[in-house]
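Here is my note for your first read-through. Keep the model open beside it and find each residue as you go.

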Amino acid sequence: MLAVIKLLRAAAHAVGGYWMVRREFPHLDEASKGLKVQGWSVRMLQIMGITLDVRGEVPQHGPLLLVANHISWLDILVLHASRHCRFVSKADVHHWPIIGTLANGCGTVFVERESRRDAMRVVHHMADALRGSADSVGDVLAIFPEGTTSDGNGTLPFHANLFQAAISTHAPVQAIGLSYLDAQSGMPSHAADFVGDISLLGSVWATLTAKPMLARVSFGKRLSSEGLDRRTLAAQAREEITALRAGSTIPG
């Protein structure tokens, strides 16, 4: 019964976010939109009974490319609650009901996974966002370079293409380790996993019916992109994320 109540409240909050994007966002500047998105995300986690635990130095401004491991549909929500950023996401999300509108409102950059040509378009778009303009500093962008979700037990190999945007603009890269833990024991929780044959609805329901969870977001050190090729930079980011996640599963 509690899970059903959570689901209904979460659905109502999602619809509220949809109207916020449609009605309020056209009249707000980018900074105000970011604060709205962060506040909405924090509230959604509270509704779902998920505690947010942020560690490390949270970036205050761009230009910056955030790089995180990918476990669940919750990842974007958790990162937005930690620090609003613009995501690079698969094009399918653009067409999802309500979620697509929310993603658009958050400034998401969509990419066709199978298209090399589209990937290059996105790299140029990312570079423009990181570069900024005469009136503004560059954006804080976020990517999941694994390209898909994992079961959280390890970090999959990284696709290096999108790292080119940071190299082209000399923007730093900051690694983020994401982990979902049992709130009481501090041990890994797989309730939020979205991998294999698990459907989105099934993963949502598993999350709502699970024991209280803690979403740990570990911000690592900044990595310079100066003088590096994209594969080397991707390898450094993956190594940092692996270390962050290894430390994040220790209770406390």
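**Notes on the model**

1. The largest cavity has a volume of about 30 Å³. Keep in mind that this is a predicted model. How many cavities of 30 Å³ or more does the structure hold? There is one. Rolling a probe the size of a water molecule over the atoms shows where empty space is left.

2. Now look at what lines the largest cavity. Lys6 is there, and so are Met48, Gly49 and Ile50. Thr207, Ala210, Lys211, Pro212 and Met213 complete the lining. Sorted by class, five of these lining residues are nonpolar, two are polar and two are charged.

3. **The second largest pocket.** This pocket holds about 530 Å³ of space. It is lined by 24 residues, and those closest to its centre are Glu30, Ala31, Gly34, Arg83 and His84. Which helix gives the most to the lining? Helix α2, residues 30-47, does, with seven residues. The class count for this pocket's lining is eleven polar, eight nonpolar and five charged.

4. **A buried helix.** Turn to helix α3, residues 74-82. Eight of its nine residues are buried, so the helix is largely enclosed by the rest of the structure.

5. Met1, Leu2, Val4, Ile5, Leu7, Leu8 and Trp205 make a nonpolar surface patch of about 720 Å². Helix α1, residues 2-24, supplies the largest share of this patch, with five residues. Ile5 is in helix α1. Is Ile5 buried or partly exposed? Its relative accessible area is 40%, so Ile5 counts as partly exposed.

6. The structure holds six salt bridges. One of them joins the side chains of Asp53 and Arg216, at 2.7 Å from N to O. Asp53 lies in strand β1 (residues 50-55) and Arg216 in strand β7 (residues 213-223), so this pair ties together parts that are 163 residues apart in sequence. Asp53 and Arg216 are both buried.

7. **Salt bridges: a loop and a strand.** Asp139 forms a salt bridge with Arg86, and the closest N and O atoms are 3.0 Å apart. Why does this pair tie together separate parts of the sequence? Asp139 lies in the loop between α5 and β5, while Arg86 lies in strand β3 (residues 86-90), so the linked parts are 53 residues apart in sequence. Asp139 is partly exposed, with a relative accessible area of 26%.

8. **Salt bridges: within one helix.** The side chains of Arg131 and Asp128 also meet in a salt bridge, at 3.0 Å from N to O. Arg131 and Asp128 are three residues apart in helix α5, so about one helical turn separates them. Arg131 has a relative accessible area of 48% and is partly exposed. Asp128, at 48% relative accessibility, counts as partly exposed too.

9. **A network.** Return to Asp53 and Arg216. Salt bridges that share partners join Asp53, Arg55 and Arg216 into one network.

10. **Apart in sequence, together in space.** Arg230 is in helix α8, residues 230-248. How far is Arg230 from Gln164? The two are 66 residues apart in sequence, but 5.6 Å apart in space, C-alpha to C-alpha. Arg230 is partly exposed, at 23% relative accessibility.

11. **Backbone points to check.** Most residues other than glycine have a negative phi, and most peptide bonds are trans. Two places deserve a look with that in mind. The peptide bond from Gly62 to Pro63 is cis, with omega near 0°. Pro63 is in the loop between β1 and β2. His170 is not a glycine, yet it has a positive phi of about 60°. His170 lies in the loop between α6 and β6.

Key:
Residues numbered from 1 in each chain as written. Predicted model: local features only at pLDDT ≥ 70, side-chain atom pairs only at ≥ 80, totals over all residues. Heavy atoms only, no water. Patch = residues over 30% accessible without salt bridge, like charges linked within 9 Å, V, L, I, M, F, W, Y side chains within 5 Å. Areas by Shrake-Rupley, 256 points an atom, 1.4 Å probe, with all protein chains shown as cover. Salt bridge = Lys/Arg side-chain N within 4 Å of Asp/Glu carboxyl O. Helix = DSSP H or I, 4+ residues; strand = E, 2+ residues; numbered from the N terminus. Buried < 20%, exposed > 50% of the residue type's maximum accessible area, 1.4 Å probe, protein only. 1 Å grid on protein atoms, 1.4 Å probe; cavity = no way out; pocket = protein on both sides within 12 Å on 5 of 7 lines; lining within 4 Å. Points joined across faces, edges and corners; volume = space filled by probe spheres on them. Nonpolar A, V, L, I, M, F, W, Y, C, P; charged D, E, K, R; others polar.
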